[in-house]
Amino acid sequence: MAHQAHSYHMVDPSPWPIFGAAAGLLTTSGLITWFHYNSSTLLTLGLLSMLLVMLQWWRDVVRESTFQGHHTPTVQKGLRYGMILFITSEAFFFLGFFWAFFHSSLVPTPELGGQWPPAGIKPLNPLEVPLLNTAILLASGVTVTWAHHSITEGNRKQAIHALTLTILLGFYFTALQAMEYYEAPFSIADSVYGSTFFVATGFHGLHVIIGSSFLSVCLLRLIKFHFTSNHHFGFEAAAWYWHFVDVIWLFLYMTIYWWGS
Amino acid sequence: ARLWKLLSYIVALPGVGVCMLNCYLKAQGDHERPEFIPYAHLRIRTKPFPWGDGNKTLFHNPHVNPLPTGYED
């Protein structure tokens, strides 16, 4: 019986990449038919297939790693590079929206009344709910670090407590932001102020939801004994992503909420 | 892990608690809404929204969000 003479993982053929691409095509064309032809069928199909691909692809990665042992230290190193590169690309994604914000707010046009915030816009008080949200995310950064140390030290009960607290804080942030969105006296259609505010904070909120989901999957895996004290990269990746989400919020808070008010 | 557990319960979570109290106290006196001035740069409707009647934003709140023609209520 032949065995490989290297420490890499030659993955079995899988349908998920091409199905994922198809899901992307359905979703993008679905957005077009929804915006321009008043039909949401394609979009629903696209989002549904995207969800199914993600669930099945990542389920397979867990099978290959935790159940079949294919994730050698070499493989893990590659995954670390991958996650770092991905998070870097997300940082650039947000950089674009910060660029847009500064472009419009540093030189406010006459149409806005030559001022920032524009005439007629009453910005949110940064010392009310936005400050609470800052405290929540910072606290969740502390609790996720507590969870990590607990995992490394083999303390199962504390790890579960700490990770659960982290996820609850994440949900609390999302709930508060949703309430803020509903109560805000300005909307996305209120000049470039509304555009920059809701697009930047909106994408951030989406990333909080993604991060919370990732952490929730980690909690489930933690409870099911998937992690060892020195091999738990899925958790580390989730924690990195969560810290990234926190950092983006800090920049949002300092620039859009505070300087921009 | 002990350090981070202590930081969580002694600094982080009480910090959240203080901010929650601050929000609650500040929210007590906040209920007048600005008068409606039909500025051209606000309430932009270049194209209808793809939901509802196409005239309301996704998180529309009739009490604080006027339509292009003014408050609804």
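Analyst: Please note at the outset that this is a predicted model.

User: Why is A:Cys218 called buried?

Analyst: The relative accessibility of A:Cys218 is 2%. Buried means under 20%, so A:Cys218 counts as buried.

User: What makes B:Cys19 buried or exposed?

Analyst: B:Cys19 has a relative accessibility of 12%. Because the limit for buried is under 20%, B:Cys19 is classed as buried.

User: What describes the extent of the contact between chain B and chain A?

Analyst: Chain A contributes 40 residues and chain B 33 residues. About 3100 Å² is buried between the two chains, with 68% of that area on carbon and sulfur atoms. On the side of chain B, the residues that lose the most area to chain A are B:Ala1, B:Trp4 and B:His41, which together account for 19% of what that side buries.

User: Which polar interactions are found across this interface?

Analyst: The rule finds 11 residue pairs in polar contact between chain B and chain A, both residues being at pLDDT 80 or more. For salt bridges across the interface, the count is 0. The residues of chain B that touch chain A comprise 19 nonpolar, 8 polar and 6 charged.

How values were computed: Residues numbered from 1 in each chain as written. Chains lettered and ligands numbered in written order. Predicted model: local features only at pLDDT ≥ 70, side-chain atom pairs only at ≥ 80, totals over all residues. Heavy atoms only, no water. Buried < 20%, exposed > 50% of the residue type's maximum accessible area, 1.4 Å probe, protein only. Contact = heavy atoms within 4.5 Å. Buried area = accessible area lost by both parts, 1.4 Å probe. Salt bridge = Lys/Arg side-chain N within 4 Å of Asp/Glu carboxyl O. Polar contact = N/O pair within 3.5 Å; in protein donor to acceptor, adjacent residues only side chain to side chain. Nonpolar A, V, L, I, M, F, W, Y, C, P; charged D, E, K, R; others polar.
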